Amino acid sequence: MPLTIKVPYTRYLAPDGQLQSSLPAWADDPDLLCRLYKQMRLTRLFDQKAIALQRTGRIGTYASTLGQEAIGVVIGELMHGDDVLVPYYRDTAAQLRRGVKMEEILLYWGGDERGCAFVDPAVAQDFPPCVPIATQALHACGVASAFKIRGEHRVAVTTCGDGATSKGDFLEALNVAGAWQLPVVFVVNNNQWAISVPRKLQCAAPTLAQKAAGAGIAGEQVDGNDVFAVYDRLQEALERARRGKGPTLLECMSYRLSDHTTADDASRYRGEDEVKQAWAEEPLKRLQNFLVEHRLWDEQREQDWLAEAQKRVQAAVEAYETSVPQQPGDALDYVYAQWPAAKADQRAMWLERVSRGNGEG
Ligand SMILES: Cc1ncc(C[n+]2csc(CCOP(=O)(O)OP(=O)(O)O)c2C)c(N)n1
Ligand SMILES: [Mg+2]
């Protein structure tokens with residue numbers, strides 16, 4: 001018989017915006033709730049713009065965060081300035097709320113190294129998005145080890161998808177986090193798909209959060225489309241880590257409403273009914289319904305904020321498009337602190353080919 005592990009699951013807000021249970025005390029703060037909503041709305045607008053920029057050849061491949069805004073916005077809202085975010089490639093929402101500039105995110109997806117060097121000092125120590133699956137989980141443990149050795153009350157937060165939890169790197173990271181009791185929080189964005197592989201083919205365990213048990217750390221699930229649930233449980237996980245009480249794996253149940261990236265066509269491998277159902281449960285409309293019903297938001301505020309958000313996104317696009325292009329050598333310069341002598345020929349060859357207009361070589 002497979003071992004059964006009971007994993008806590010938290011949801012306050014049902015998909016229609018109605019409360020399922022009474023809210024914790026921290027939620028009695030209209031400014032906070034409106035701020036979370038506005039940030040989610042802004043993120044969605046930016047995300048749509050990024051896809052449009054890719055479609056018109058102005059950035060490269062882009063991984064949309066559509067439908068998963070609650071998770072990222074709450075991460076960005078709750079982390080302290082001196083915590084470190086070690087994100088994956090679907091973390092536009094968290095990065096923006098942390099203070100990464102929209103034009104920096106566009107630079108990153110436009111293939112420009114400056115999209116990895118955030119100018120705001122508040123996020124200067126955050127890592128750039130990690131594309132190799134799950135490797136960032138171990139990097140986060142390294143960061144958290146440094147905090148622990150120095151006796152600093154800081155937390156490393158790392159994110160990944162459901163598919164990433166199958167990787168050795170992820171399981172090794174959980175293990176070391178538990179063994180060394182590191183101040184790290186693993187946020188799993190379970191959006192039900194790893195490109196074309198559905199969650200149920202990815203792992204036989206009923207939850208991904210229960211992987212925490214094997215490492216001796218806390219693990220739980222939340223409705224990742226319910227901003228209240230994510231906030232409540234992440235807040236506790238961060239505080240636990242900050243007080244030296246150990247790491248947490250927080251599995252946030254959500255859905256990837258978009259294609260995997262702009263290089264994908266999800267209609268080839270998943271049915272319309274499933275996507276339709278997921279739209280009925282998405283986080284932005286859910287929070288909006290709640291706010292409107294509690295008279296904290298209305299159509300006028302929505303229109304005013306949309307106009308302001310459009311302005312911000314447009315200004316970022318202009319800043320991105322008018323930025324002076326990097327030198328070709330910059331594509332290599334950040335790979336090593338110092339370019340190795342043994343690879344000097346390769347560098348020279350690259351620069352020579354680029355100068356002949358044959359950069360792909
Ligand atoms: C080490 C490695 N192997 C394979 C890939 C190709 N790849 C890119 S995204 C992806 C699926 C990841 O799915 P999941 O972890 O669920 O994250 P999601 O994209 O759904 O947010 C794979 C296999 C990669 N980027 N890195
Ligand atoms: Mg996934």
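Two residues are in contact if their C-beta atoms, placed from the backbone, lie within 7 Å. The model is predicted: local features need pLDDT of at least 70, side-chain atom pairs count only at pLDDT 80 or more, and totals for chains, interfaces and linings use all residues. Residues are numbered from 1 along each chain as its sequence is written, and chains are lettered from A and ligands numbered from 1 in the order in which they are written.

**Exercise 1.** Describe the surroundings of Leu19.

Solution. 
- Step 1: Leu19 sits in the loop between β1 (9-10) and α1 (30-55). Helices (H or I, at least four residues) and strands (E, at least two) are DSSP runs, numbered from the N terminus.
- Step 2: Leaving out residues up to four places away in sequence, Leu19 touches Tyr12 and Leu13.
- Step 3: A residue is buried if 20 or more other C-beta atoms lie within 10 Å of its own, exposed if 12 or fewer, and partly exposed in between, with C-beta atoms placed from the backbone. Leu19 counts as partly exposed because it has 15 C-beta neighbours inside 10 Å.
- Step 4: Phe290 is 271 residues away from Leu19 along the chain, yet their C-alpha atoms are separated by 8.2 Å.

**Exercise 2.** Work out which residues of α5 are buried and what covers them.

Solution. 
- Step 1: Helix α5 spans residues 135-150, which is 16 residues. From first C-alpha to last it reaches 24 Å, close to the 22 Å expected at 1.5 Å a residue; the expected span is 1.5 Å times one less than the number of residues.
- Step 2: Gln136, Ala137, Ala140, Cys141, Val143, Ala144 and Phe147 are the buried residues of α5.
- Step 3: Viewed down the axis of α5, these fall within an arc of 165 degrees, so they line one face of the helix. The arc is that of the directions from the helix axis to the C-beta atoms.
- Step 4: On the other side of α5, Ile149 and Arg150 are exposed.
- Step 5: The cover over the buried residues includes β2 (84-86), β3 (156-161), α6 (168-179) and β4 (184-190).
- Step 6: Just after α5, Gly151 has a positive phi of about 70 degrees.
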